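Morning, everyone. I'd like to go through some voids and some helix packing. Please have the model open on your screens.

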Amino acid sequence: MGETPSSQTVSTQLQQIAARARQMPEVTLTTLAHHIDLEMLKEAYRRTRKDGAVGVDGQAADEYAEQLGTRLASLLARFQAGTYVALPVRRVKIPKAGGRAIRPIGIPTFEDKVLQRAVAMVLEAVYEQDFRSCSYGFRPGRSAHQALQDLQRRLMAMGGGWVYEVDIQGFFDTLNHGDLRRCLDRRVRDGVLRRAIDKWLKAGVLDGGQVAHPEMGTPQGGVLSPLLANIYLHEVLDVWFEDVVKPRLQGPAFLIRYADDVIIVCGREEDARYVATVVPKRFGHYALMLHPEKTRLHPFRRPCTLAGPTGVAVDQEPGSFDFLGLTHGWRRSRRGWWVVGQRTAKGRLSRALTRVKDWCRKHRHEELAVQQGGLSLKLRGHYGYYGVTGNLAALKRFYFEVQRRWYKWLRRRSQRTRLTWDRFRRLLQRYPLPRPFVVRSLYRRPASP
């Protein structure tokens with residue numbers, strides 16, 4: 001999506017807000033809402049997805065665009081006057097990894113999405129000056145692969161350590177509104193912006209035909225929710241760990257956070273056990289619970305040869321852990337060095353194959369060219385995320401399993417099918433699927449800013 005003159009004007013405004021926030025890191029900002037003008041709303045509309053699901057009002061993006069200028073002017077007037085009304089979000093449920101649990105997603109109305117995008121742009125310009133380098137989720141210019149690369153680089157520099165996997169149970173559903181307001185108070189106290197945020201927090205959720213007004217949580221899936229989550233965890237975890245916990249440790253330690261996915265690594269066992277003691281207390285102070293099974297502490301040292309009880313040399317168990325959809329473990333490089341490698345986590349691979357199976361079943365009667373195009377998109381998307389150095393074997397397995405599922409459901413197009421594996425291989429020559437390929441290397445040092 002190309003930039004417009006309006007985009008350049010808004011970019012200048014946001015740069016001015018960022019510069020002001022950077023120059024006054026300890027100052028609470030009280031005048032920010034005036035930056036949200038008609039040009040800002042137009043840019044927010046441009047950045048808002050047009051193909052998303054509709055909210056409770058049933059209005060799609062193309063309907064809203066029919067009288068765009070008039071609608072945005074009305075939205076701006078209501079926002080500035082304080083008469084803007086936030087409608088409840090429509091709740092839908094999607095399966096989590098493995099398909100055993102469900103994740104509730106809140107879908108705001110399109111107008112709410114536009115205004116939330118504008119408010120997020122202003123708040124982002126402020127808080128990007130405050131966020132720590134350990135935070136990667138839902139931030140401009142930062143990605144999951146950068147978090148993975150940072151994690152790998154630091155682990156190899158330390159020679160491994162003790163890994164503390166932190167899983168916050170139902171974070172988006174249990175986020176305390178009062179604590180969130182206190183976190184915002186430290187940096188932003190603009191009355192117009194804060195009233196709008198409060199309206200979104202209190203708007204309620206439409207689920208099963210009834211509107212509920214939970215006093216905790218922020219709907220996962222909303223435009224503003226990821227930024228509010230980052231602001232909250234910045235105060236609750238990032239600043240506390242860097243400024244309070246790390247100075248008390250005897251050895252090296254670091255934290256990597258992507259939204260509410262957290263990994264803490266300590267070089268010394270006593271430091272790791274201390275961290276595993278104080279982190280649950282810290283989250284408990286903010287009414288957040290850690291998952292008793294998914295939160296765990298375990299060693300992740302570089303493998304070495306130790307003397308066993310009988311004097312015979314034995315290899316130390318290297319261990320592994322999952323983070324951001326990849327299983328991390330020690331392996332030998334081509335030159336024989338121990339490096340931290342990644343492979344697709346079993347749960348993620350199973351979930352991806354289940355989705356492919358369901359897609360093939362639903363589309364098995366469509367033309368082969370259409371099926372080829374749909375499966376090719378899924379394969380390229382899978383390679384785009386999981387195609388990292390050292391994971392080629394898992395990519396090849398996914399590629400082969402996709403072919404098996406396509407073959408299975410093509411055979412079920414008719415009870416009198418004559419499709420054999422040999423004929424299917426000839427079919428693949430005419431309708432080929434993209435072969436596995438590595439997209440990026442996590443071993444390459446990131447370019448300096």
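The largest cavity holds about 140 Å³ of space. A word on terms. On a 1 Å grid over the protein atoms alone, a cavity is a set of points where a 1.4 Å probe fits but cannot get out, and lining residues have an atom within 4 Å of a point. Grid points are joined across faces, edges and corners, and a volume is the space filled by probe spheres set on the points.

This is a predicted model: local features need pLDDT of at least 70, side-chain atom pairs count only at pLDDT 80 or more, and totals for chains, interfaces and linings use all residues. Residues are numbered from 1 along each chain as its sequence is written, and side-chain values use heavy atoms, with hydrogens and water left out.

Back to the largest cavity. Its lining has 15 residues, and Gln 116, Trp 200, Thr 218, Pro 219 and Ser 225 lie nearest its centre. α5, α9 and α10 are the elements that give two or more residues to this lining. Helices here are DSSP runs (H or I, at least four residues), strands likewise (E, at least two), all numbered from the N terminus. Which helix gives the most to the lining of the largest cavity? α9 does, with three residues. By class, the lining of the largest cavity has 10 nonpolar, four polar and one charged. Ala, Val, Leu, Ile, Met, Phe, Trp, Tyr, Cys and Pro count as nonpolar, Asp, Glu, Lys and Arg as charged, and the others, Gly among them, as polar.

How many cavities of 30 Å³ or more does the structure hold? Three. The second largest cavity has about 50 Å³ of space. Arg 78, Phe 79, Gly 82, Tyr 84, Val 192, Arg 195, Ala 196 and Lys 199 line it. α4 (68–81) and α9 each give two or more residues to that lining. α9 gives the most, with four. The classes are four nonpolar, one polar and three charged.

Now the packing of α5 and α9. The axes of α5 (residues 110–127) and α9 (residues 191–202) come within 11 Å and cross at roughly 130 degrees. Axes are lines fitted to C-alpha atoms, for helices over the stretch in contact, and angles run from 0 to 180 degrees between N-to-C directions. α5 and α9 are therefore oblique to each other. On the cut-offs, under 35 degrees is roughly parallel, over 145 roughly antiparallel, 65 to 115 roughly perpendicular, and the rest oblique. In contact (heavy atoms within 4.5 Å) are Asp 112, Leu 115, Gln 116, Val 119, Val 122 and Leu 123 of α5 with Leu 193, Ile 197 and Trp 200 of α9. That contact has seven nonpolar, one polar and one charged residues.

Next, the second largest pocket. A pocket is an open set with protein on both sides within 12 Å along at least five of seven lines. This one has about 620 Å³ of space. Of its 21 lining residues, Arg 117, Gly 221, Gly 222, Val 223 and Pro 226 lie nearest the centre. β2 (102–107), α5 and α10 (225–245) each supply at least two. α5 gives the most, with five.

Last, α13 (residues 368–386) and α14 (residues 392–411). They pack at about 160 degrees, axes 11 Å apart. They are therefore roughly antiparallel.
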